[in-house]
Amino acid sequence: MAFSSRRGGGSWVHSLLPTTTAKPTSKQTRSSLKPRRRTTAAFRDFILSNFFTIGLSFSLLLFLFLLFSFGVPRPQQFRAARARYPRARKPVIHKSVNDTILTAAVDITTKELYDKIQFLDVDGGAWKQGWKVTYKGSEWNNEKLKVFVVPHSHNDPGWKLTVEEYYDRQSRHILDTIVETLSKDNRRKFIWEEMSYLERWWRDASDVKKESFINLVRNGQLEIVGGGWVMNDEANSHYFAIIEQITEGNMWLNETVGVIPKNSWSIDPFGYSSTMAYLLRRMGFENMLIQRTHYELKKELAWDKNLEYVWRQSWDADETTDIFVHMMPFYSYDIPHTCGPEPAVCCQFDFARMRGFVYELCPWGEHPVETNQENVKERALKLLDQYRKKSILYRTNTLLIPLGDDFRYISIDEAEAQFRNYQLLFDYINSDPSLNAEANFGTLDDYFRTLREEADRINYSRPGEIGSGQIGGFPSLSGDFFTYADRNQDYWSGYYVSRPFFKAVDRVLEQTLRGAEMMMAFLLGYCQKPQCEKLPTGFSYKLTAARRNLALFQHHDGVTGTAKDHVVEDYGTRMHMALQDLQIFMSKAIEVLLGIRHEKNDHNPAQFEPAQVRSKYNVQPVHRTISLHEGTVQTVVIFNPLEQTRNEVVMVVVERPDVTVLDSNWTCVKSQISPELRHDKNKMFTGKHRVYWKASISALGLQTYYIANGFVGCEKAKPARLRVFTPSNDLSCPAPYTCTKLESDTVEIRNQHQTLTFRVNHGVLQKISHNDGHMYVVDEEIGMYSSTESGAYLFKPNGEADPIIQDAGQIVVSEGHLVQEVHSYPNTAWETSPVSHSTRIYNVENTVQDFVVEKEYHVELLGHDFNDKELIARYKTDIDNRRVFYSDLNGFQMSRRETYDKIPLQGNYYPMPSLSFMQDPNGQRFSVHTRQSLGVASLKNGWLEIMLDRRLVRDDGRGLGQGVMDNRPMNVLFHILVESNISSSANPTPNPSPRSPSLLSHLVGAHLNYPLHVFIAKKPQEISVQPPPRSFSPLAASLPCDLHVVSFKVPQPLKYSQQTVEESRFVIVLQRRHYDSSYCRKGRSQCLNLADEPVNLFDMFKGLAVLNAKPTSLNLLHEDSDILGYDRQFGDGAQEGHILISPMEIQAYKLQLRPHQ
């Protein structure tokens, strides 16, 4: 939202993302630069046809050289017949080996900017966050100023109203207005971004309005920019959900209107991720526009005319990820802050603020007036002065002027006021040649197309500038733009954590949707007969609704936790409904895939249900309790959504402890039983029990197990041993367990790989000792910030966090042969502790689980006692990280972070969607994986702290008008991994190249974020009825450990039955993980192979033939690999089914599938 109504503007903070190499000193040293598209023949023809001119120019230059004693004159502009791709570049070399160090060569890194900027917040006068901008007047003598005024309306799909409320009250009227007013005059232009509103309007619009809309798009008056379902957040959203939401919007748009967007418009997300630039490039986008970056960073870039640049991934040595970016220079995207550097002047040209309209008057005291023949000259020159001053901040003479704000153009009168007045001003400017300016309404595409044409004609490159082969004349940049500050010391790091309950639901919905999509693809792939299609195609409408509800929550006021309470409730209800629908479908799908359900239709209720169920949108899931009588058995089906076979400990809850576990062959499986614990210091035992056993499930497969009562010949689940510490000594021991009292100051739990030591009086993890002799101090601490100025967006603590744990808490230690756990209910200053926590390790040889320390925090920041409090978990390790750490961007890549003293504590907090780690010069690495987005910092050497929840009374002045008080009880789950570098040449000097997780760390994160889906039969059956073995194993073999199936799905389920068998009705999206090979190469995790060799798509599935594989863009709409930046292997290899993916890349393929006869 704009600043008249909403939050500030600004950008990134000090992080440093994976940094990049220093600038090469000559063209010869530039690494792997992209080849120019001009052919050798074209270059030769140019030389021959201009031979005389070239010779004369050379002689003249030599003469001037001698005349001025080596002085070289520098004309303001050098005109030449320049190629679009200006410099010769090295050909792209396809790398497949994961050991490659990935480092880009660029002109600017965000780390270098943060190192340079002093963050003094100097008052710049009229442009408060800049300086007094001046110009000579001769800047446009050779190339006139070309101004594109771009009308727009920012429509939040939920913020202070729900998406449906906004649609009814505002957005539908805005779209009606656009169609009517643009149709009156073909000089008028407009851009629209959010497909969620356009699709909703399309359902209501008449055929005449739809036809008018399409015609406006076709004739270039109306451009769809971005075209995602929403304008997604870039800090908390996972890359899976970002791809989903853009694809959902882009595909609907292409099917309905017949266009594919190529320009991205992202004016309101609170900071920007380089992951977004990568995804857009691989979707065929050519240009991006961004706004909310740190105000000091904007100033620094503007000073050097670097606000337009080519964004390159920090790991991209081959320049295949380059995308052109326009950064807006000022505080906001509203009209006062977009026409030029002086908002008091620009506000006078927001004609919707004239008296008689609903918007507030200009706060600077001078208000807009109607333009007429008497005042047009004075008004036009005043406006042109602002345009010229803004133009000075950029390299070219092509200028972009957005004209809009939140929910603008709501009425015909408002739209006419803007279009009418501006057209008079344009007519005056355009009629006077002496002004050297031309101003018109334009779209984003008009602007970028004209800018690129100018950059082709005029060389704006600077000496020694690396630039890009994509477009000449602009610097290259790598890095991300977190953490954003819009003014003063107001850093927007609070929204990394706000409403963490729903951030967690978001990720559960993501992985559930992914699993359901896979099951639908398998049902249709193995069937392909009309009678088999009834169940999956009958679910198509609900699947589409689930996709769209997930997409909606990616909005920059959804997953961010920055909406009004009733809007959060609306988002939560939509996600809950989607989860329920997906789980019902999966429960039915497993019956078909296992051969249990033969009618294959959707009429009968499912025989299974998820092991974890939610009763409401705003409560934690609870484990369904299995209740068995003597002589009965309950079927448990487990789905593995990952691409490798999984061997891991699984758990279900039972009412009675005397149970046995059997596999699908009715063979005994060793199992463990432990008491179920809860967040209640007076009654820690629930009376129920957790049964653990080691399960093995093939890649993307299903496996059946049975929980039995009274099965003869099998050992019952073995009870864990309990050790208890409680100050009152009155904790009763539940049957059938044996309990002993903890007497010592410390307690240990161990498996074959590691030993964990805890302080008994506080119940916290003290150290981790590996059996190879390495010992790591952890020194876990739980603390609380007091924050009277924080709000939904801002984190502004009053000081440092205070530890909250006191002596004399309660501890239960549970030790079994599979799982060992320390459960702690700490003693705090409050009657009810805001947190309790469990620490678990697993004893399953040669599995990923064996190396993990599982931390589960139960958080209840409820009641007025915790008003204006922000809860953290902190690990005060002995890692000598020098306050440098790494956090992930959208679950896709790591970004280097560094704590700076010159910015406040809140500016040193960063988003942590899934992983953060720190390491010392000797390679000791401490990693924390999470399956929900949170905020992370390293405020002192060796410290890593993660914020868990925040409860805030006050509004923070960014337009929301409320605090964050709707906290929910919730569990936050971390997987901690400590590793030692096995490289013999550990380099103690800081490594500027991007750090990657180890292969083991990648697998830990995948297991955490894509957990096994467990389903339980609704009814028990008699033991005497033993069905045949049931499993489903669709892959011919596990995929390589560094290859991840992002999604496998039917992209258009509603149209599936109408498409022919020969069409590519399925899609698989694959990601090649880059890992740090200085850690154990195969991750100690039974990795059989890596993706260094091509993977054969045609032979991937068992019983399912891949007849055709077409490479496509990540939004599934482009099949020309040239416009996506991939190398030639992307297209060529797929024809034979052999795909080779470079580390870090995500690639999509459309598949034609047919079951084997």
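Here is a short tour, from overall make-up to local detail.

This is a predicted model, in which local features need pLDDT of at least 70 and side-chain atom pairs count only at pLDDT 80 or more, while totals for chains, interfaces and linings use all residues. Residues are numbered from 1 along each chain as its sequence is written, and side-chain values use heavy atoms, with hydrogens and water left out.

The protein chain holds 19 helices and 55 strands; helices (H or I, at least four residues) and strands (E, at least two) are DSSP runs, numbered from the N terminus. Of its 1157 residues, 66% are buried, meaning under 20% relative accessible area with a 1.4 Å probe, protein chains only. The accessible surface is about 40,200 Å², with 51% of it belonging to carbon and sulfur atoms; such areas come from the Shrake-Rupley method with a 1.4 Å probe. Among contacts (heavy atoms within 4.5 Å) with a separation of 6 or more, 77% link residues 24 or more positions apart.

Now turn to an open sheet of four strands, ordered β50-β51-β55-β53 with antiparallel pairing; two strands pair if DSSP finds at least two bridges between them. Its edge strands, β50 (1043-1049) and β53 (1104-1112), each pair on one side only. From one strand to the next, the twist averages 30°, where axes are lines fitted to C-alpha atoms, for helices over the stretch in contact, and angles run from 0 to 180 degrees between N-to-C directions.

Six bridges join β50 to β51 (residues 1066-1072) in the antiparallel sense. Look for Val1045, whose bridge partner in β51 is Leu1070. Finally, helix α7 (residues 239-256) lies across β50, β51 and β55 (1146-1155), running at about 30° to β50.

Conventions:
Buried means under 20% relative accessible area, exposed over 50%, partly exposed in between (1.4 Å probe, protein chains only).
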